[in-house]
Amino acid sequence: MPATDAPNAVNSPLSNLPVPRIVKCATPGCPGWITFDVTRHQTDPCRYCRIAVDTLRFLLSRVGAEHKALPPQVHEEFNRLMLTMAGAWGQNVYLRPAHDTLVELKAGVHGVIIEYNPLLGNAGSDGPAPLVGIILHKLLHFEAHLNQRGPQIVAKSGSRDKEGLLPLMSYLMTVTDHAWVAARLGQLSPLLQSAQARWGLGVAQMLVGAESMFNRYLSERNLQRLLSVLKETQDPAEFRAGVLEWLATLTAQTLEREKEDNKRIFLAEQLANTQLLNPEALSDYKALLEAGELTGVRDAYPLAERLYSELADSPVAHPPTPEKAGEHAGAVVLDGGQFHKALEGCLKALGMSNYFEVKS
């Protein structure tokens, strides 16, 4: 979507927000109810378990974009997901600005803290949309496996020579999650999804934090690099170009001495991930990879297409539409059986099902 259309993402007047309502406390077994008023900065705490959350209204008031109201359903879903997280952890969930991160979840003394970069919350004509989109990305990741024990990908007996690929096989769980998260965000607000895509924030997750394809040291270095670009520009195209250029550079450095099979699998997962999170950026990223000195890039394309098709056709990429709207809706959880089956399909698409298996 062109930048000139971006203001449509933030044109819903605050007067259209719903009236206060009472919702069930999200803490398991708690008999309490919580009053939700999306025009307030925080919910009142539950009278029994005392959990409370900051609302989207609070976030908008702190990022210089208070006058740009987002659609009511975004307020409702944002607040519902915050309450879901609070109930699952039995702690308050707060929003806190931090200039040394993009968006990150941290455990604090008084509860769970979502740290956010305020520069993303006042992003030119996109207003708060990129920031709200990436926070929702994190919250949807959390909700997807709520109260579930996740499966593991393990090497089969007799596959010792392939054990070095285990980290890449395990990363398939993150890629599969992204098929779900991208679809859920699209259900909620295509305008938020397009704003996040314009800034390349979904692809940036491959560089930093818990969803990174690189080790902790490199992730920290990547974060500092992205923050320096963010401080210098409010142009989404320029920031996304910076994300893609650094991802291509670091990928080439990382894979330079790897075996050709390892390169193909790494690139296949990366390209499929990019197509799931930001399909408009895929051709640009391919061009950057081909312009570099990394060999075997084109060999990874058929593998990436098979992996993407496997996920795009899977039920994980087609989550059910919530039966109830906003704060009255229950958690939308990724079915464990569907997730397990999607992972098996990913292994088959990469030609690795003879060497690895999914165990619950």
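Student: Why is the contact between the side chains of Arg40 and Asp44 called a salt bridge?

Tutor: The N to O distance between the Arg40 and Asp44 side chains is 3.3 Å, and a salt bridge is a side-chain nitrogen of Lys or Arg within 4 Å of a carboxyl oxygen of Asp or Glu, so the pair qualifies. This is a predicted model in which local features need pLDDT of at least 70 and side-chain atom pairs count only at pLDDT 80 or more, while totals for chains, interfaces and linings use all residues. Residues are numbered from 1 along each chain as its sequence is written, and side-chain values use heavy atoms, with hydrogens and water left out.

Student: What makes Arg40 and Asp44 buried, exposed or partly exposed?

Tutor: Arg40 has 37% relative accessibility and Asp44 has 35%; buried means under 20% relative accessible area and exposed over 50%, with partly exposed in between (1.4 Å probe, protein chains only), so both residues are partly exposed.

Student: Why is the pair Glu211 and Lys138 said to tie together parts of the chain?

Tutor: The side chains of Glu211 and Lys138 meet in a salt bridge at 3.5 Å, N to O. Glu211 lies in the loop between helix 6 (201-204) and helix 7 (216-232), whereas Lys138 belongs to helix 3 (residues 129-144), so the bridge joins parts that are 73 residues apart in sequence; helices (H or I, at least four residues) and strands (E, at least two) are DSSP runs, numbered from the N terminus. Both Glu211 and Lys138 are buried.

Student: How do Asp261 and Arg264 lie in helix 9, and what is their accessibility?

Tutor: Asp261 and Arg264 are 3 residues apart in helix 9 (residues 260-277), about one turn of the helix, and their side chains form a salt bridge at 2.1 Å, N to O. Asp261 is partly exposed at 39% relative accessible area, and Arg264 is partly exposed at 25%.

Student: How many salt bridges does the rule give, and which residues are linked in a network?

Tutor: The count comes to 14, and Glu77, Arg80, Glu143 and Arg184 are linked in a network of salt bridges.

Student: What makes strand 3 and strand 4 the edge strands?

Tutor: The open sheet has 3 strands in the order 3-5-4, with mixed pairing. Strand 3 (92-97) and strand 4 (103-107) each pair on one side only, and are therefore its edges, where two strands pair if DSSP finds at least two bridges between them. Strand 3 and strand 5 (residues 111-116) are joined by 6 bridges and run parallel, with Tyr94 opposite Ile113 in strand 5.
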